[in-house]
Amino acid sequence: MPPILNLQSVTKQFGAQPLFRDISMTVDDGDRIGLIGPNGAGKSTLLAILAGQVEPDSGEVAVRKRARAAYVPQDSRFGAGLSIRQVLERALANAHVSETEREGRLRELSGRAGFADLNAEAAALSGGWRKRLAITEALVSEPEVLLLDEPTNHLDLAGIEWLEELLTSSSFAAVTVSHDRYFLESTSSQIIELNRVFADGLLRVKGNFSRFLEEKQAYLESQSRQQESLRNQVRTEIEWLRRGPKARTTKSKARIDTANAMIGQLAAMDSRTTVNTAGIDFEASQRKTKRLVEFNDVACDVPSSMDSPVPDRRLFTGLNFVLTAGMKVGLVGPNGSGKTTLLRLLRGEIEPVEGSIRRAEALRLVYFSQMRELDDSLTLRRALAPEGDGIIYQGRTVHVASWAARFLFTGEQLNQPVRNLSGGERARVLIAKLMLEPADVLLLDEPTNDLDIPTLEILEENLLDFPGALVLVTHDRYLLNRVASTVLGLDGQGNTGRFADYGQWEDWLEEQDKAGPERGKGARRADGSSTAQQTGAAAAPESGGKKKLSYLEAREFAAIEALVEKSDARLAAARDRVDEPSIASNAAALQEALLELDAAQHQNDALYARWAELTEKSN
């Protein structure tokens, strides 16, 4: 059969510079294509062209006869007052589903997506549940190909797992723009990178994301060898041209033409293969205080509206947690479980309904909001440098043009309004602003949304190197596993837990589900709550009652003494190394030894704090 979608020599540009030129690609039955590329490469535009939402400037887009394509853009919006039921009923009517089948189809689709209350207002759902609804709405037409633009941006981790299962178990083809590397690994049978560094404007590799990385590296190495060979040939031809042929024979003229063509080819290749990366480097304060923020039996509610009969909902209760210098905390939980609220508590924007929060004196917190708040009327110049043409970074003045270039913005963009920037470019502007503020604690709420993979990798490296404390809310499991040394989990039912990694958090959720069978992942409501009451070990402790160790906490408690002994040995060895005369007389070695001592001390402090917490809870 012919391809479902067939793009041939498609070009699209906005302004003077083309997004992409002469792009050709096909989408066949069963394809699972992950579409990646740097910010500004035109991925969303290419997806919209595939969907028929945008016309290319040149080239052809062919759709197989009677083939159905469903498109889910990045931003999922619904009309005010429309319920989930009304959104899906309208989609079923537009898909010409017979009235006798509509109710059954509606319940099947909504059940698979996890919607428990079909009368809930669609526009009032959280971003993740609006995304689930938009995908469900797209599935009504039973498409041959589903086109998804950054679908994981607003989904929580349970929502991402739901989407992964949907894509891997369905028969339709899919093209998904995403920067979530674990998601790409599990859902893609092919990867296409849209990038001018490739001769054809894109590189297509059959296989998962790991396979793509191997093939891309081999391609770039081959291209580099070809470029070097061409450079040597051009050097020889330039020397010949400088000598100047004495006789303008046909042969010499042909060689001049060939030399000029090679020079042009090399210049084009050099331009195409020049890759810039964002310069991210968060600045930490030099605070020596160890204990930065302490939560003592903290509880927090979501207040209901004044005219609502529904009581306040408890987000979490009995939270005891100490944030120390150097800790890197990953904050996870379903949508509506209170992750952003916990960040607001850390910042002092709101107060807990129970318990207390103690912050170190003159604590400096720097906050990255998932809302990407920027004044759209500002130019990029004023967004980066509000007071003039320079900024102060690490004690020195940097011109705004140089600062902009560090974040991959061109001089021409400086006078353009912020509203013209892509999501990834807006994120880079906010990161640029954050870097100007020395921080004791970085609070990052979904910083990875819209960032391309090269920028994500640079962000990861700098978060690992950041000496202050970090609290990170992210759906990017790769980033979470790489950066976070501690995972603080919220289950949306008032319970919290502390874990070594994301895998332990998933185990805990399974234990919670076993304690209440109706609390399975599919039973999560659109507000992030569950359809069942807490039972057994998963239940929140009754007021005034003693807190008991959960199954996982008991396992952790049984092993923590051995971990403390190892940590004590590491700390003693680090202290001995600092005291060695050969180390003390070598500045570089001493600096390395002091960094190791600091890391060992942080680990030791965290383990003793956790040991004390578990001991108190077990008594």
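Select histidine 179 to start: at 5% relative accessibility, this residue counts as buried (under 20% relative accessible area; over 50% is exposed and in between is partly exposed, with a 1.4 Å probe and protein chains only). This is a predicted model, in which local features need pLDDT of at least 70 and side-chain atom pairs count only at pLDDT 80 or more, while totals for chains, interfaces and linings use all residues. Residues are numbered from 1 along each chain as its sequence is written, and side-chain values use heavy atoms, with hydrogens and water left out.

**Stop 1**

Helices (H or I, at least four residues) and strands (E, at least two) are DSSP runs, numbered from the N terminus. Show the side chain of histidine 179: it reaches the backbone oxygen of leucine 451 at 2.6 Å. A polar contact is a pair of N or O atoms within 3.5 Å; within protein, one must be able to donate a hydrogen and the other to accept it, and residues adjacent in sequence count only if both atoms are side-chain atoms. Now display the surroundings. Not counting residues up to four places away in sequence, histidine 179 touches Gly37, Asn39, Lys43, Glu150, Asp450, Leu451, Asp452, Ile453, Leu456 and Asp476 (contact: heavy atoms within 4.5 Å).

Next, select serine 178. It lies in the loop between strand E7 (173–177) and helix H6 (181–187). Serine 178 is buried, at a relative accessible area of 0%. Its side chain reaches the backbone nitrogen of aspartate 180 at 3.1 Å. Leaving aside neighbours within four places in sequence, the contacts of serine 178 are Leu35, Ile36, Glu150, Thr152, Phe183 and Leu184.

**Stop 2: strand E2**

Go to methionine 25, in strand E2 (residues 17–27). Methionine 25 is buried, with a relative accessible area of 4%. Beyond four places in sequence, it touches Leu5, Asn6, Leu7, Leu46, Leu50, Ile192 and Arg204.

**Stop 3: H2 with H3**

Select residues 84–94 (H2) and 99–113 (H3): these helices pack at an angle of about 125°, with their axes 10 Å apart. Axes are lines fitted to C-alpha atoms, for helices over the stretch in contact, and angles run from 0 to 180 degrees between N-to-C directions. H2 and H3 are therefore oblique to each other. Angles under 35 degrees count as roughly parallel, over 145 as roughly antiparallel, 65 to 115 as roughly perpendicular and the rest as oblique.

Arg85, Leu88, Glu89, Leu92 and Ala93 of H2 make the contact with Arg102, Glu103, Arg105, Leu106, Arg107 and Ser110 of H3.

**Stop 4: H2 with H4**

Keep H2 and bring in H4. The two pack at an angle of about 25°, with their axes 9 Å apart. That makes H2 roughly parallel to H4. On H2, pick Ile84, Val87, Leu88, Arg90 and Ala91; on H4, pick Leu133, Thr136 and Glu137. These residues make the contact.

**Stop 5: H4 with H5**

Finish with H4 (residues 127–139) and H5 (residues 157–169), which pack at an angle of about 15°, with their axes 12 Å apart. H4 and H5 are therefore roughly parallel to each other. Arg132, Ile135, Thr136 and Leu139 in H4 meet Ala158, Gly159, Trp162, Leu163 and Leu166 in H5.
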